[in-house]
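Keep the structure in view while reading.

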Amino acid sequence: DANVVVDRFLKEIDTDHVELVLLHCVTSRKWPEELRKQMDILSGYKQKGVIGALGVSCHSIDALEAAAEEPWVESVHARINPYG
């Protein structure tokens, strides 16, 4: 779960705050449903001031369209593939 990873990274980089955390490599249109537990965990960190902003790394048009409709998303990393 996200809490294990966030806690580990905070320790590894010796900090108590990260400006941006992205859910990486989402491809499904249903990612907001599929990753809701992780989103809730990360929202808890944001409420505590540990994370500044939340977002998603989209690796499909379907995922990007879902991100545009999801209020949780504050930042989008959109992967562009010039080869299709």
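## Salt bridges and the parts they join

E12 and R8 lie 4 residues apart in helix 1 (residues 2–12), so about one helical turn separates them. The model is a predicted one. In this model the side chains of E12 and R8 meet in a salt bridge, with 2.9 Å from N to O. E12 is exposed, at a relative accessible area of 53%, while R8 is partly exposed, at 44%.

The count of salt bridges comes to 5. One of them joins E69 and R29, whose closest N and O atoms are 3.2 Å apart. This pair links distant parts of the chain: E69 belongs to helix 4 (residues 61–69) and R29 to the loop between strand 1 and helix 2 (31–34), 40 residues apart. E69 is exposed, with a relative accessible area of 57%, and R29 is partly exposed, with 35%.

Another salt bridge is formed by the side chains of E70 and R36, at 3.1 Å from N to O. E70 is buried, its relative accessible area being 13%. R36 is partly exposed, with a value of 31%.

| E12 | R8 | 2.9 Å |

Which residues of helix 1 are buried? They are A2, V6 and L10. Seen down the axis of helix 1, its buried residues fall within an arc of 60°, so they line one face of the helix. These buried residues pack against strand 1 and helix 3. The face turned away from the buried side carries V4, K11 and E12, which are exposed. After helix 1 comes D14, which has a positive phi, near 55°.

Helix 4 can be read in the same way. In helix 4, the residues A63, A66 and A67 are buried. They cover an arc of only 105° around the axis, which puts them on the same side of helix 4. The cover over the buried residues of helix 4 includes strand 1, helix 2, strand 2 and strand 3. I61, A68 and E69 are exposed on the other side of helix 4.

Strands of a sheet pair through backbone hydrogen bonds, in either a parallel or an antiparallel way. In this model, 3 strands form an open sheet in the order 1-2-3, and the pairing is parallel. Strand 1 (18–26) and strand 3 (75–78) stand at the edges, each with a single partner strand, so one side of each has no neighbour in the sheet. On average, neighbouring strands of the sheet are turned by 25° against each other, direction ignored.

Strand 2 (residues 51–58) pairs with strand 3 in the parallel sense over 4 bridges. Within strand 3, H77 is the bridge partner of S57. Helix 3 (residues 36–47) packs on the sheet and touches strand 1 and strand 2. The direction of helix 3 makes about 155° with that of strand 2.

## The nonpolar core

How many residues make up the largest nonpolar core? The core has 20 residues, and those touching the most other members are L23, W31, L42, I51, V56 and W72. Helix 1, strand 1, helix 3, strand 2 and helix 4 each supply at least two residues of this core. The largest share, 4 residues, comes from strand 2.

Leaving out residues up to four places away in sequence, L23 touches W31, L35, Q38, M39, L42, G55, V56, S57 and W72. One of these contacts, S57, is the residue bridged to H77 in strand 3.

Key:
Residues numbered from 1 in each chain as written. Predicted model: local features only at pLDDT ≥ 70, side-chain atom pairs only at ≥ 80, totals over all residues. Heavy atoms only, no water. Pairing = 2+ DSSP bridges. Axes fitted to C-alpha atoms, helices over the stretch in contact; angles between N-to-C directions. Contact = heavy atoms within 4.5 Å. Salt bridge = Lys/Arg side-chain N within 4 Å of Asp/Glu carboxyl O. Buried < 20%, exposed > 50% of the residue type's maximum accessible area, 1.4 Å probe, protein only. Arc of directions from axis to C-beta. Core = buried A, V, L, I, M, F, W, Y, C linked by side-chain atoms within 4.5 Å.
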